[in-house]
Amino acid sequence: MLNLIEAEILKLRKSKMVWILTVIVWAVPGLLIIKELFIVSALNYDEWIRTMNMFSGITFSVMNGLFLTFLVQKEYQDNTIINVLTAPVSKTAFILEKFLIWVLWNLVLIIGIDGIALLGYRLLFPSRFRMADMWAPFLFVTKSCLFQFCSLSPVLYAAVKQKKLFYPSLLLTLLFAVIGLAAWQTSPQMLVWASIIPWSAASVGAMLDPSTPYYYAAVCSVLICMATGVVMAVRSFSKQDL
């Protein structure tokens, strides 16, 4: 497993696609900060962090879908999947390796987004920037990214199921992104459903008070979604005749 991960990391480090996706994810919050610095805006702190989180979350979701599609499809496209599986590597280990690579990439993304968010907080609201207050934007952005990440594992299943195709997983990613975008406008009357459906829970989860049952419903929803997506991907790949 470790050898597979090391080999995959070496391949991805040389991939222009991965670097482009990473830069796009980081560029969106950076551009929003630049806009606020050089264009007169009436946004207060709460509005700014919410707006940045919304646009960053949508970009985060779409780029993750592209990354997963690229990560799996290139193995089918280049027929390298056959060479890998001729070695003493199980199909389950192969999918789990892809999942772990995805996890590592998301950790890099989240660290970058957190750093950019804190930089924006420092530049745009210097009077509020104190060590004690830094945790609020940091936790909000981190929770939002983690919720989004957990809700996207069905894309891994779609990427495995589609083999050499690419559009089913991308369409699924866009569907999840649209649901997530719509969830930012959730009314209190629809909060129950928004916290149960994983892709809307990914958007509203970070905004919910942890003391409310809706927050725990959202957490359970995205965790179940993540586990289900990984299990379905493993089962689907195990049944494929390569």
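The model is predicted, so local features need pLDDT of at least 70 and side-chain atom pairs count only at pLDDT 80 or more, while totals for chains, interfaces and linings use all residues. Residues are numbered from 1 along each chain as its sequence is written, and side-chain values use heavy atoms, with hydrogens and water left out.

**Overall fold**

The chain contains eleven helices and zero strands, where helices (H or I, at least four residues) and strands (E, at least two) are DSSP runs numbered from the N terminus. The C-alpha trace spans about 60 × 40 × 30 Å along its principal axes.

Of the 242 residues, 49% are buried, meaning under 20% relative accessible area with a 1.4 Å probe and protein chains only. The chain exposes about 12,400 Å², of which carbon and sulfur atoms supply 72%; such areas come from the Shrake-Rupley method with a 1.4 Å probe. A contact means heavy atoms within 4.5 Å. Among contacts between residues at least 6 apart in sequence, 75% join residues at least 24 apart.

**Pocket and cavities**

Rolling a probe the size of a water molecule over the atoms shows where empty space is left. On a 1 Å grid over the protein atoms alone, a cavity is a set of points where a 1.4 Å probe fits but cannot get out, and a pocket is an open set with protein on both sides within 12 Å along at least five of seven lines; lining residues have an atom within 4 Å of a point. Grid points are joined across faces, edges and corners, and a volume is the space filled by probe spheres set on the points.

| Space | Volume |
|---|---|
| Largest pocket | about 270 Å³ |
| Largest cavity | about 50 Å³ |
| Second largest cavity | about 40 Å³ |

The lining of the largest pocket includes Trp19, Trp26, Phe67 and Trp105. Helix 1 (2-13), helix 2 (16-38) and helix 5 (91-124) each give two or more residues to this lining. By class, the pocket lining has ten nonpolar, one polar and one charged residues; Ala, Val, Leu, Ile, Met, Phe, Trp, Tyr, Cys and Pro count as nonpolar, Asp, Glu, Lys and Arg as charged, and the others, Gly among them, as polar.

The structure holds two cavities of 30 Å³ or more. Among the residues that line the largest cavity are Asn53, Phe60, Cys145 and Gln148. Helix 3 (45-77) and helix 6 (135-151) are the elements that give two or more residues to the lining of the largest cavity, which divides into four nonpolar, five polar and no charged residues.

Gln148 also lines the second largest cavity, together with residues including Ile58, Phe176 and Trp199. Helix 8 supplies the largest share of that lining, three residues. The class count there is five nonpolar, five polar and no charged residues.

**A buried glutamine**

Gln162 lies in helix 7 (residues 153-162). Gln162 counts as buried because its relative accessibility is 8%. Beyond its neighbours within four places in sequence, Gln162 is in contact with Thr69, Tyr167, Pro168 and Ser169.

Terms used: Buried < 20%, exposed > 50% of the residue type's maximum accessible area, 1.4 Å probe, protein only.
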